[in-house]
Amino acid sequence: MSSMSAKASQDSHEKPLYSSHSTKFSQPLVQHRKGLLGTLARHQIDAPLIAILTILGTYALFPNSFAKKFLFFQEYDPVTNTYEKSYEDLYFCLFWVTAFTFLRAAVMTYILMPMATRLGATTDRSILRFAEQGWICIYYSCSWVLGM
């Protein structure tokens, strides 16, 4: 009976968001959530990449298409030579949220996690912590240099 309760406690234990068990970090292990949020969590790299490439490809083939709303501000006022705020800006914001989601997941998975293992991190927790802190350092350093 004790072996059954030990197995039940192992099954209920949540796995880390990313795991170092994969030697090449090609597919990080993601918590097994259900529904839309679980699907998005499992596809943090490929889903945004498909959306970004679709928007960029559509704009490249059809420059005056709907994809233009995702890449440029819309409400230009030629009198004041400025852009006005509008609900059309939500497309632009959505594109960049998607782009940074892809960038964060890709950098953490393919650069920072392998770097953590090469530098001696052994547990999943320490590898994930190194990757998250590394991303924060990269993001804020770039933002500071660019003056955002």
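User: Helices are DSSP runs of H or I with at least four residues, strands are DSSP runs of E with at least two, and both are numbered from the N terminus. How many helices and strands does the chain come to?

Analyst: Heads up, this is a predicted model: local features need pLDDT of at least 70, side-chain atom pairs count only at pLDDT 80 or more, and totals for chains, interfaces and linings use all residues. Residues are numbered from 1 along each chain as its sequence is written, and side-chain values use heavy atoms, leaving out hydrogens and water. Going along the sequence, you'd read α-α-α-α-β-β-α-α. That comes to six helices and two strands.

User: What share of the chain is buried?

Analyst: Buried means under 20% relative accessible area, exposed means over 50%, and partly exposed is in between, using a 1.4 Å probe and protein chains only. The chain has 148 residues, and the buried share of them is 25%.

User: Where does UniProt place the feature "transmembrane region"?

Analyst: The feature comes from an unreviewed entry; UniProt annotations may be inferred rather than shown by experiment, feature names are shortened, and positions follow the numbering used here. In the model, residues 45–62 are 89% helix and 0% strand, with end C-alpha atoms 26 Å apart. Residues 94–113 are 100% helix and 0% strand, and there the ends are 27 Å apart. The record's two stretches are residues 45–62 and 94–113.

User: Why does the end-to-end distance of helix α6 agree with its number of residues?

Analyst: The expected span of a helix is 1.5 Å times one less than its number of residues. Helix α6 covers residues 124–146, which makes 23 residues, so it should span 33 Å.

User: Which helix do the buried residues of α6 pack against?

Analyst: The buried set in α6 includes Ile127, Leu128, Ala131 and Trp135. Contact here means heavy atoms within 4.5 Å. The partner, spanning residues 89–118, is α5.

User: Which residue forms a salt bridge with lysine 69?

Analyst: A salt bridge is a side-chain nitrogen of Lys or Arg within 4 Å of a carboxyl oxygen of Asp or Glu, and the whole structure has one. It links distant parts of the chain, with lysine 69 in helix α4 (residues 68–71) and its partner 19 residues apart, in the loop between β2 (82–83) and α5. Lysine 69 is partly exposed at 23% relative accessible area. With the closest N and O atoms 3.0 Å apart, the partner is glutamate 88.

User: Aspartate 89 has no salt bridge, so which is the nearest side chain of opposite charge?

Analyst: Lys and Arg count as positive, Asp and Glu as negative, while His and the chain ends are not counted. Aspartate 89 is in helix α5 and is buried. Leaving aside residues up to four places away in sequence, aspartate 89 touches Phe73, Gln74 and Glu84. The nearest side chain of opposite charge is 8.3 Å away, and that's lysine 85.

User: Is the aromatic pair of phenylalanine 92 and tryptophan 96 stacked or edge-to-face?

Analyst: Rings of Phe, Tyr and Trp (its six-membered ring) pair if their centres lie within 6.5 Å; planes under 30 degrees apart count as stacked, over 60 as edge-to-face, and the rest as tilted. By this rule there are 13 aromatic pairs. For phenylalanine 92 and tryptophan 96, the centres are 6.4 Å apart and the planes sit at 65°, which makes the pair edge-to-face.
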